[in-house]
Amino acid sequence: MLAKWPRSGVQSQYHWFGADHGPESTAIQTGDIVNIVVWDSEENSLLTGLDGTAAEIPPQTVTANGRIFLPYVGEVSVRGLTPSSARARLQSQFEQIQPSVQVQLSVIPGRNNSVDMVGGVGSPGRVPLESRNTKLLSVIALAGGVNSSLRNPLVRLQRGGRTYETRVSSVLENANRNVRVIGGDQIVVVEDERSFTSLGATGSQRIVYFEKERMTVMEALSSTSGLNSGTANPKGVLVLRDYQPKDLKPGLAGPNKQQVVFSFDLTSADGLFSARQFYMQPDDTLYATESPINSARTIMGLIGTVIGVSTSVNRVTD
């Protein structure tokens, strides 16, 4: 039931998509630059001239309508073709003018056949795609790899007006997360800033950054060195969470208050298993209460201090 409740905290849209498989070859796209060399062994060839067997056509940029211009032929559509298919098409066009002609073709990827590695890697910049099946890890490797100085690196990919993000470690561990990139993707590797606050009788009282994509209460306690054995009350481990007003719902379909406290009793089996299944959210507060015995000791210590002060005052008065 709680798993269906809305997410809370910043960066709650923490999601990725599954990998797929594309063709191994690279399709020519708008903006690519096509280099063409025409070879002809015939003397006095119309294409190569009087003094040579080869002629290099000035580089042609694929236009918005997917075409390039060829002398004596006119405009030819090449967008969506592989380089070998485009070469065959151009040669068939030239053969209508000079049957003995041969065409050599190469492609320099443009904006639509490359991705931008914005930062967080050794060599940021534009990375041409070797094929339509180029994977994310290959692009990161070509860009110099992830900077070792980044804490808990997170890869963020922008595509089609949407942003996707996941941990670099999860991409390395799960082949299904090593997704295929497409031309125009913008990728950046940053530190994962999601965190929660650890307070009370935990092993450390501080801001704790998420070590994994998802962390349970038990894992969160482990990351703070557990409970303080001398002061903590294992029956009173609390998670404090804030929800947005738009997320409030009546009954148990969602939170009915903006501020909600979840309580765990780690002395019972149910409490232990619940702590292993309940996931922390960014900006949560993990609070370990103190045991009643320690609270009583604190109160007795304060009473003893007050009595000592009162006795000293009486002596001074006497």
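This is a predicted model: local features need pLDDT of at least 70, side-chain atom pairs count only at pLDDT 80 or more; totals for chains, interfaces and linings use all residues.
**View 1. The salt bridge between D116 and R126.** A search of the whole structure finds 11 salt bridges, a salt bridge being a side-chain nitrogen of Lys or Arg within 4 Å of a carboxyl oxygen of Asp or Glu. In this one, the side chains of D116 and R126 meet at 3.1 Å, N to O. Because D116 belongs to strand β6 (residues 114–119) and R126 to strand β7 (residues 125–128), the pair ties together parts that are 10 residues apart in sequence; strands here are DSSP runs (E, at least two residues), numbered from the N terminus. D116 counts as buried, at 13% relative accessibility, where buried means under 20% relative accessible area, exposed over 50%, and partly exposed in between (1.4 Å probe, protein chains only).

**View 2. The salt bridge between R156 and E165.** Here the side chains of R156 and E165 meet at 2.8 Å, N to O. R156 is partly exposed, at 22% relative accessibility, whereas E165 is buried, at 6%.

View 3. The side chains of R151 and E191 meet at 3.4 Å, N to O. R151 is partly exposed, at 30% relative accessibility, and E191 is also partly exposed, with a relative accessible area of 24%.

**Notes to the views.** Residues are numbered from 1 along each chain as its sequence is written, and side-chain values use heavy atoms, with hydrogens and water left out. Local features need pLDDT of at least 70, side-chain atom pairs count only at pLDDT 80 or more, and totals for chains, interfaces and linings use all residues.

Terms used. Helices (H or I, at least four residues) and strands (E, at least two) are DSSP runs, numbered from the N terminus.
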